Amino acid sequence: MSSLRVLSAALALGLALAACQSAEKKAAMDEVKVARGVEAVCAAQADVDDAVVAVKALTAESTVAEAEKAGEKLNNALSELNKAEDQLVKAEVKEYRDQVEIFRQAVNDVSKNKNLTLAEAADQLKGKAAPVVAAREQLAATTVCVAVEDDSMKDPS
C-alpha cells in the first residue's frame, strides 16, 4: 500500500514539475522537435524520390508483381511523408505559442516597472520580439491561409 502512495506522490511531483517548466525551456525543446521534424520530412521526401525512381523504372516487360511492389513502396513513402509533415507543423505551432508566451511574460515584466520610459521599455522588448517573428515566419512558410469573405457582414443595400 505504501508503494502506491509513493507512486502517486511521484506522479503528482512530476506533474507539478512539468507545469512549472519555463516557457524558455519549452521553446528550446520545441526548437529541437522542429529540427527533428525537418529531418524526418527530408528523409521521407528522399524515400518518396526513391519510390518514384522505382515507378519510373517500370517497363512494358515489368511484371504485375513488380508494378504492385513499386506502387506499394510509393504509397508507404507518401504516407510517411504525410506523417512527418503533420508532426513538423505541430512542432512549429507549439514553438510559436511558446515564443508568444515568452514575449507576453516579458511585456508583463516591463509593464511592472512604471519608471521606464517608452523608449527603455521598447529596448527591453526588442530582443524578445525577434524570436516571435522568426517562429511566425517559420509557421507561415508551411501554413497556407486563405481569407474567406463573410457575406453576412456585407451591407444588403
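**Stop one: the helix pair**

Select residues 23-56, helix α2, and residues 64-112, helix α3: their axes come within 7 Å and cross at roughly 160 degrees. Helices here are DSSP runs of H or I, at least four residues, numbered from the N terminus; axes are lines fitted to C-alpha atoms over the stretch in contact, with angles from 0 to 180 degrees between N-to-C directions. α2 and α3 are therefore roughly antiparallel, a label for angles over 145 degrees. Color the contact of α2 with α3 by residue type and you get 21 nonpolar, four polar and 15 charged residues (Ala, Val, Leu, Ile, Met, Phe, Trp, Tyr, Cys and Pro count as nonpolar, Asp, Glu, Lys and Arg as charged, the others, Gly among them, as polar).

This is a predicted model: local features need pLDDT of at least 70, side-chain atom pairs count only at pLDDT 80 or more, and totals for chains, interfaces and linings use all residues. Residues are numbered from 1 along each chain as its sequence is written, and side-chain values use heavy atoms, leaving out hydrogens and water.

**Stop two: a salt bridge**

Now show the side chains of Lys83 and Glu80, which meet in a salt bridge at 3.4 Å, N to O (the cut-off is a Lys or Arg side-chain nitrogen within 4 Å of an Asp or Glu carboxyl oxygen). Lys83 and Glu80 sit about one helical turn apart, because they are three residues apart in helix α3. The whole structure has three salt bridges.

**Stop three: confidence**

Finally, color by pLDDT, the predictor's confidence in each residue from 0 to 100. The mean is lowest in helix α1 (residues 2-20), at 43, and highest in α3, at 91. Where pLDDT is low, the predicted coordinates should not be read in detail.

Technical notes
Helix = DSSP H or I, 4+ residues; strand = E, 2+ residues; numbered from the N terminus. Parallel < 35°, antiparallel > 145°, perpendicular 65-115°, else oblique.
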